[in-house]
Amino acid sequence: MRTGTRRIAVLGLLVACAITLSGCARIRPPRHAPSFDRVMETTGYCSCGKCCNWKRNWLFRPVIASGPSKGQRKKVGYTASGVKAKPGTIAADTSRYPFGTIMYVEGYGYGRVEDRGSAIKGEHIDLYFKSHRDAVKWGRRNARVRVWLPHGGSRSASR
Ligand SMILES: [Zn+2]
């Protein structure tokens, strides 16, 4: 009787965990929030040095490969907003599409703006892939994108 109750409690806990985890992993737009559609230029990227402008120094530590921050330590696999990059991570021009903007990209799925890059300006977004091969396979393409700005903000107030 007692072990049975405990088993049910553990099972309930597991189910609760599974629901929480899947809820966190899946990106969905906010309910009843305004959205708009755009055709954007999209490219693919991954965490590698080629995609994210880093290399290893003589101590084998990753550092930024070029630009004004050349030689500074690089936290590989982390985005400009500080979260871990994963499929669904999007880099955008954050003056237009701030961190937290939800996007649905045709052929890619739901994603969230969590990153930016010096080459990512205007209506150009960069989509994160797990492997360099997948990023290259995506290549460069124009895609229809549905956008939900954070807090349902208007475009002009999105800064
Ligand atoms: Zn790469």
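Two strands pair if DSSP finds at least two bridges between them. The model is predicted. The protein chain averages a pLDDT of 87, and 79% of the residues score at least 70.

**Strand pairing**
- Met 103 stands opposite Val 147 in E8.

**Nonpolar core**
- The largest nonpolar core holds 24 residues.
- Ile 90, Met 103, Leu 127 and Tyr 128 touch the most other members.
- Strands E1 (36–45), E4 (89–91), E5 (102–105), E7 (124–128) and E8 (140–148) each supply at least two residues of this core.
- Leaving aside neighbours within four places in sequence, Leu 127 is in contact with Thr 42, Gly 44, Ile 90, Val 105, Tyr 108, Gly 111 and Trp 138.
- In soluble globular proteins, nonpolar side chains tend to be buried together.

- Asn 53 is not a glycine, yet its phi is positive, about 55 degrees.
- Asn 53 sits in the loop between helix H2 (49–52) and strand E2 (54–56).
- Asn 53 counts as partly exposed because it has 16 C-beta neighbours inside 10 Å.
- Phe 60 also has a positive phi, near 70 degrees.
- Phe 60 lies in the loop between E2 and strand E3 (62–64).
- Phe 60 has 6 C-beta neighbours inside 10 Å, so it counts as exposed.

Definitions and conventions:
Residues numbered from 1 in each chain as written. Predicted model: local features only at pLDDT ≥ 70, side-chain atom pairs only at ≥ 80, totals over all residues. Core = buried A, V, L, I, M, F, W, Y, C linked by C-beta atoms within 7 Å. Buried ≥ 20, exposed ≤ 12 C-beta atoms within 10 Å, placed from the backbone. Helix = DSSP H or I, 4+ residues; strand = E, 2+ residues; numbered from the N terminus. Contact = placed C-beta atoms within 7 Å. pLDDT = per-residue confidence, 0-100.
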